[in-house]
Amino acid sequence: MNNNLIFFFLVILFVVSYKRVLSQKHASLPPRGWNSYDSFCWTISEEEFLQNAQLISKRLHAHGYEYAVVDYLWYRKLVPGAYVDSFGYDVIDEWGRVIPDPGRWPSSKGGKGFSEVAKKVHDMGLKFGFHVMRGISTQAVNANTPILDVTTGKAYAESGKIWHAKDIGMKERACAWMKNGFMSVDTTLGAGRAFLRSLYHQYAEWDVDFVKHDCVFGEDFQLDEITTVSGILKGLNRTILYSLSPGTSATPTMAKKVAPLVNMYRVTGDDWDNWGDVATHFDVARDFAAASMIGGNGLLGKSWPDLDMLPLGWLTDPGANVGPHRTSELSLDEQKTQMTLWSMARSPLMFGGDMRKLDDTTYGLITNPILLEINSFSSNNKEACLYIIYNNTNTIFII
């Protein structure tokens with residue numbers, strides 16, 4: 001074997017090893033996975049979720065898609081009268097913490113929470129995550145449940161009193177888009193911090209790998225809660241990727257305050273399958289790239305501006321109470337443009353279509369090796385000007 005060939009193999013070995021080491025660090029590359037929202041809204045069941053997770057493992061995991069994420073309201077009973085901003089249909093435990101609806105998540109019965117689902121997902125070689133809302137539920141505040149002190153296993157006591165949900169809930173800071181559902185907690189109080197600590201310790205007990213924290217960024221900016229949660233996560237004996245959502249009206253200036261505290265942060269509102277939504281992401285991607293926010297320091301690793309999920313394949317409608325029933329309304333060229341922009345901006349790639357009806361075209365797009373390589377390993381990602389120089393015989397493009 002000649003020296004050039006030996007050198008070539010050593011370079012290949014180094015690159016493969018380097019990529020493997022990078023992928024083992026916390027969010028050192030833009031996270032990649034699947035989220036249930038675009039295809040199921042909030043109505044997904046345990047069976048439907050595990051069916052999708054199995055297909056992610058079989059078809060997408062080899063392409064770097066490693067997270068299977070349940071989106072919001074997994075604790076809401078799917079019964080007549082329940083919808084996105086309804087009240088009184090959530091399942092909570094004795095400490096005011098939301099827990100999976102056993103009607104849709106039967107393995108959660110007996111206080112198991114998501115531990116059985118997480119185990120099955122891990123056995124598939126994937127990581128498990130879910131969506132949570134800000135603060136505390138209105139249902140818990142109205143019930144005035146006691147607050148768990150995780151250090152004692154008993155109700156939180158301070159200054160000679162037992163603290164309850166009404167002591168920490170801030171009704172004047174309800175989530176703007178789910179006013180009946182959740183409100184901030186007062187993190188200046190030991191009891192407020194204790195409640196948040198009880199949530200994330202429970203998630204760690206369930207072996208969760210990914211938490212998508214909503215209604216705390218953008219128009220609903222809650223830096224105090226983000227800071228508190230980030231500190232709690234840093235102190236756990238389990239590494240959990242910390243994602244913020246939805247990010248409506250988020251700016252690079254705002255993001256600079258939170259990027260070191262998290263691993264992903266949405267910089268747009270919800271992106272659905274219409275060109276108007278996709279088109280708005282060009283300027284947003286430009287601004288965050290220009291601010292050098294891509295791949296900055298984050299919680300126990302790096303952080304990434306998130307352009308939202310990819311609404312491709314078999315979907316549902318925004319705010320619907322039904323599962324997937326239609327194909328993406330983006331044209332093929334629009335889908336290619338979206339996937340290309342997300343890759344060039346090094347956004348996390350969270351596919352949103354129902355895996356059970358994944359068509360070959362969509363599969364080929366979300367696993368395109370060149371785009372995935374750009375998404376993971378490109379650098380100096382900035383907007384470029386295109387200059388066109390004409391002469392008598394040719395047109396020359398200079399980028």
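Lysine 161 lies over the face of tryptophan 163, at 4.2 Å from the ring centre. Lysine 357 does likewise with tryptophan 314, at 3.6 Å from the ring centre. Both placements come from a predicted model. Across the whole structure, a search finds 25 aromatic pairs.

**Aromatic pairs**

- Tryptophan 74 and tryptophan 206 pair edge-to-face, 6.3 Å centre to centre, with 80° between the planes.
- Tryptophan 74 sits in the loop between strand E2 (67-70) and helix H4 (115-123), and tryptophan 206 in the loop between helix H7 (190-205) and strand E11 (210-214), so their pair ties together parts 132 residues apart in sequence.
- Tryptophan 74 is buried, with a relative accessible area of 1%.
- Tryptophan 206 is also buried, at 5%.
- The ring centres of tryptophan 105 and phenylalanine 114 are 5.0 Å apart and their planes meet at 80°, so this pair is edge-to-face.
- Tryptophan 105 and phenylalanine 114 are both buried.
- Ring pairs join a cluster that includes Trp34, Phe49, Trp74, Trp105, Phe114, Phe130, Tyr203 and Trp206.

**Nonpolar core**

- In soluble globular proteins, nonpolar side chains tend to be buried together.
- The largest nonpolar core here has 109 residues, and Phe49, Trp74, Phe128, Phe130 and Tyr265 touch the most other members.
- Helix H7 gives the most to this core, with eight residues.
- Leaving aside residues up to four places away in sequence, phenylalanine 130 touches Val69, Val70, Trp74, Phe114, Tyr203, Trp206, Val208, Phe210, Val211 and Lys212.

**Helix H8**

- Helix H8 covers residues 223-234, twelve residues in total.
- At 1.5 Å a residue, H8 should span 16 Å, and its end C-alpha atoms are 16 Å apart, which agrees.
- Its buried residues are Glu225, Ile226, Thr228, Val229, Ser230, Ile232 and Leu233.
- An α-helix has 3.6 residues a turn, so residues three or four places apart point the same way.
- The buried residues of H8 pack against strand E10 (182-185), H7, E11, strand E12 (241-245) and helix H9 (252-258).

- E1 pairs with strand E18 (residues 349-351) in the parallel sense, over three bridges.
- The bridge partner of tryptophan 34 in E18 is phenylalanine 351.
- E1 also runs parallel to E2, and three bridges join them.
- The bridge partner of asparagine 35 in E2 is valine 69.

**Backbone exceptions**

- Most residues other than glycine have a negative phi, and most peptide bonds are trans.
- The peptide bond from serine 245 to proline 246 is cis, with omega near 0°.
- Proline 246 lies in the loop between E12 and H9.
- Asparagine 144 is not a glycine, yet has a positive phi of about 50°.
- Asparagine 144 is in the loop between helix H5 (138-143) and strand E5 (148-149), and is partly exposed, with a relative accessible area of 27%.
- Serine 292, also not a glycine, has a positive phi of about 55°.
- Serine 292 is in the loop between helix H11 (281-290) and strand E14 (296-298), and is exposed, with a relative accessible area of 52%.

Notes
Residues numbered from 1 in each chain as written. Predicted model: local features only at pLDDT ≥ 70, side-chain atom pairs only at ≥ 80, totals over all residues. Heavy atoms only, no water. Phe/Tyr/Trp six-rings, centres within 6.5 Å; stacked < 30°, edge-to-face > 60°. Helix = DSSP H or I, 4+ residues; strand = E, 2+ residues; numbered from the N terminus. Buried < 20%, exposed > 50% of the residue type's maximum accessible area, 1.4 Å probe, protein only. Lys NZ or Arg CZ within 6 Å of the ring centre and 35° of its normal. Core = buried A, V, L, I, M, F, W, Y, C linked by side-chain atoms within 4.5 Å. Contact = heavy atoms within 4.5 Å. Expected span 1.5 Å × (residues − 1). Pairing = 2+ DSSP bridges.
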